[in-house]
Amino acid sequence: MPIKVPNNLPAIETLTKENVFVMTDTRAMTQDIRPLQILILNLMPTKIDTETQLTRLLGNTPLQVELELLQTSTHKASNTSEEHMIAFYKTFAQIRHKYYDGMIITGAPVELLEFEEVEYWDELCEIMEWSKRHVHSTFHICWGAQAGLYYHYGIQKHRLPEKLSGVYKHHLDYKNGMLFRGFDDEFYVPHSRHTTVYREDVEAVPELKIIASSEEAGIYAVKSNDDRQIFIMGHSEYDWNTLEKEYLRDKKAGLNPKVPCNYYPDDDDTQKPVVRWRSCANLLYSNWLNYFVYQTTQYDITQIHDETLGSMFQGSGSVDLKVAKFGGTSLADASQFRKCAEIIQAEPQRRLVVVSAPGKRSAEDQKVTDMLIAATEERGETSQDILTKVRSRYKVLVRSLGVDIDIDSEFDRIAEKLEDPDEKDYVISRGEYLNARIMAAYIGYDFIDAYQTIFLDEEGRYDEEKTRAVLGSLLSGGRRAVIPGFYGTSPDGRIRNFPRGGSDITGAIVAATAGADVYENWTDVSGFLMADPSIVEHPLTVPVITYKELRELSYMGAAVLHEETVFPVTKIGIPIHIRNTNRPEDSGTLIVKNADYYQSKLEITGISGNQGNITISVEKPRLSELPELRAEILKIFEEKGIAIKNLLAGIDSLTIVAQEDQIRSCEGEVEAMLRERIQPVSVTFSHDIALIAIVGRELSTSPAIAVKVLGALANRKINIRLIDHATGKITMLLGVDSADYVSAVQAIYNEFARI
């Protein structure tokens, strides 16, 4: 398979003569295949030579590779023409939004400088940090390897007594790895450097493994345990005469260099050098591309971000406290309880747990909270029959888990309260209460009742000050506890429930009060889906969204956490991590205040929408210049109790979007009032309109997104009835006929999820 390079790159002519299959941009446009995206950060002064050397090795595999070249913007190349750099190289600012299967960071002739003294060190550090979330596997060479070991692991380089120059014999320290698969017991590698790293420094880092070394040249190859970082101290990529060029350069400069070791026959520099490393070099790069890039990278390259998302908050030394909230489906039966317990115990940071009531065990089943609500709404035997079913379900749960809780006593108390209408909230809240009691007993945590620790005011709103004073003291000191969700205490001392979804509110309250580093919300999906799965088959999971995007998507009806339920954590900026109890290995979705650090995984974050809308267009000359008339129009809708979902203004018109079922019974009255008070040229009602929101933080800065949306709909011949895309907003709102809704969502999704 070929390596794809930019048109007219000088390496093309050289490699073509060597029968290396090179494909230009132009030819690649006709290919329908997913190539590996490889980025080369070329720090060498002889850039064209290095391009050719690396391209030769990357092209000698059965894989299709697409190459991009990167330069530092803080250092200008002095040995390569500016025309060449402009034509073929990009800066970090131009590629930082992209994702790559692999990256190579070359060596550089700056070894004798301290890392921090290197002109472009700060920029290189930024690139190396960025690579952890945008590159699947990074291959560091020589000084680039020393820089990577220093930045990522704090390993210092040390100056050698004299320059190491020559071709040295190596052996494998670790023979079972794939990077050196097929290598002989002994192999040769060129080295040319003034510094080294000490074996004991690398061995002191448990995340690293030494793979190969040399008695004379020292450590040669090191990799991280997750295979994401490869560090190669030598120059396997060197041409037959590269060491000779360096030797003759130093000799001409009067530096009296030693003859490169094992390079010339009998160390006679008048003879042609002997190449001992070519086959090993080809095999090394082939193995890296095959085993460390191709076979392990995501097919959807933008999901490389997911590979590190989980590790960002799992077992990280910077995370001291996680609050884990488990929803009803996560706690539906004993089997699910055990899954949750394993998740909690997998990480010591999960010290605080919030639980919902048991959800459905099957499609025909009922949620416990729904059953308790039904019990409070019925009377007599029917009410008690429902309570008996709930009691039986809990007795099975307790027996299956082997915990010592007197369920009968608890339900006798619930049965007494059931007769008192003022204790309705108490009865309904018992699903969460009992689940918390059971979970605490099962995992050996303390039980903290939300009653008398979480407080609400007279209107049922969260009383933050009072809660912090009481609950805050109970959560301090590293305590491990389970707290029931959904309820708190009203000023009259009774239990008062939050709205449905209230366990999410409790989880957010606990996370905010405890000052958690992360609030985990465990449910039955692996994060936020880019589109409705009932419309789009297997939509992508979005790894990172912002609080603002969450608000926009939930407003349009997307099945995500509602912004109001997580307000306590969004207020102080605690990240929310949506996870799947049944697939804890999935990375899920991280909801953050600001996603600039993560960059965009996709051009858009999500697509949501709803049907059953109506538009009312009022036309009158110079309407936009008559604010009193616009105010009168809005007043009419307020008088009729019609909620306005959106407003679109033109020079001579105002279009109002509302929910059709709110206006259906009074459409004639609204039209009559508009004609009487506004005296418009026309009033037009358009029924059965579907609204589609395309949400993404790049919308305000990337005009291409809007073009792609409109193009996708045009290709399906879908008529757009309205459009709203104000400057600076993160949402593009479209109106289409309801009959086109499904097709429109699918068209937009396919446009942005194409691989």
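Modeller: The crossing of α12 and α16 is right-handed, that is, the near helix is turned clockwise from the far one by less than a right angle. This is a predicted model, in which local features need pLDDT of at least 70 and side-chain atom pairs count only at pLDDT 80 or more, while totals for chains, interfaces and linings use all residues. Residues are numbered from 1 along each chain as its sequence is written, and side-chain values use heavy atoms, without hydrogens and water.

Biologist: Which residues make the contact between α12 and α16?

Modeller: From α12 come F337, R338, C340, A341, I344 and Q345, and from α16 come N435, I438, M439, Y442 and I443. Contact means heavy atoms within 4.5 Å. By class, this contact has 8 nonpolar, 2 polar and 1 charged residues. Asp, Glu, Lys and Arg count as charged, Ala, Val, Leu, Ile, Met, Phe, Trp, Tyr, Cys and Pro as nonpolar, and the others, Gly among them, as polar.

Biologist: At what angle do the axes of α12 and α16 cross?

Modeller: Helix α12 (residues 334–346) and α16 have axes that cross at roughly 55 degrees and come within 11 Å. Axes are lines fitted to C-alpha atoms over the stretch in contact, and angles run from 0 to 180 degrees between N-to-C directions. Therefore α12 is oblique to α16; under 35 degrees counts as roughly parallel, over 145 as roughly antiparallel, 65 to 115 as roughly perpendicular and the rest as oblique. The helices (H or I, at least four residues) and strands (E, at least two) are DSSP runs numbered from the N terminus.

Biologist: And how do α13 and α16 cross?

Modeller: The axes of α13 (residues 368–377) and α16 (residues 424–443) cross at roughly 160 degrees and come within 8 Å. The two helices are therefore roughly antiparallel. Their contact involves V368, T369, L372, I373, T376 and E377 of α13, with K424, V427, I428, R430, G431 and E432 of α16. Those residues comprise 5 nonpolar, 3 polar and 4 charged.

Biologist: What about α17 and α18?

Modeller: Their axes are 9 Å apart, and α17 packs against α18 (residues 502–514) at about 75 degrees. The pair is therefore roughly perpendicular. T467, R468, L471, G472 and L475 of α17 meet I509, V510, A512, T513 and A514 of α18. Here the division is 6 nonpolar, 3 polar and 1 charged.

Biologist: Changing topic, where is D457?

Modeller: D457 lies in the loop between β15 (446–447) and α17 (464–475). Leaving aside residues up to four places away in sequence, D457 touches D463, P491 and R496. The C-alpha atoms of D457 and D492 are separated by 9.5 Å, although the two residues are 35 residues apart along the chain.

Biologist: Lastly, how many cavities of 30 Å³ or more are there?

Modeller: There are 2. A cavity is a set of points on a 1 Å grid over the protein atoms alone where a 1.4 Å probe fits but cannot get out, and lining residues have an atom within 4 Å of a point. Points are joined across faces, edges and corners, and the volume is the space filled by probe spheres set on them. The largest cavity holds about 40 Å³.

Biologist: What lines the largest cavity?

Modeller: Its lining residues include F180, Y220 and W277. Both β9 (186–196) and α10 (278–294) supply at least two residues each. The lining has 10 nonpolar, 1 polar and no charged residues.

Definitions and conventions. On a 1 Å grid over the protein atoms alone, a cavity is a set of points where a 1.4 Å probe fits but cannot get out, and a pocket is an open set with protein on both sides within 12 Å along at least five of seven lines; lining residues have an atom within 4 Å of a point.
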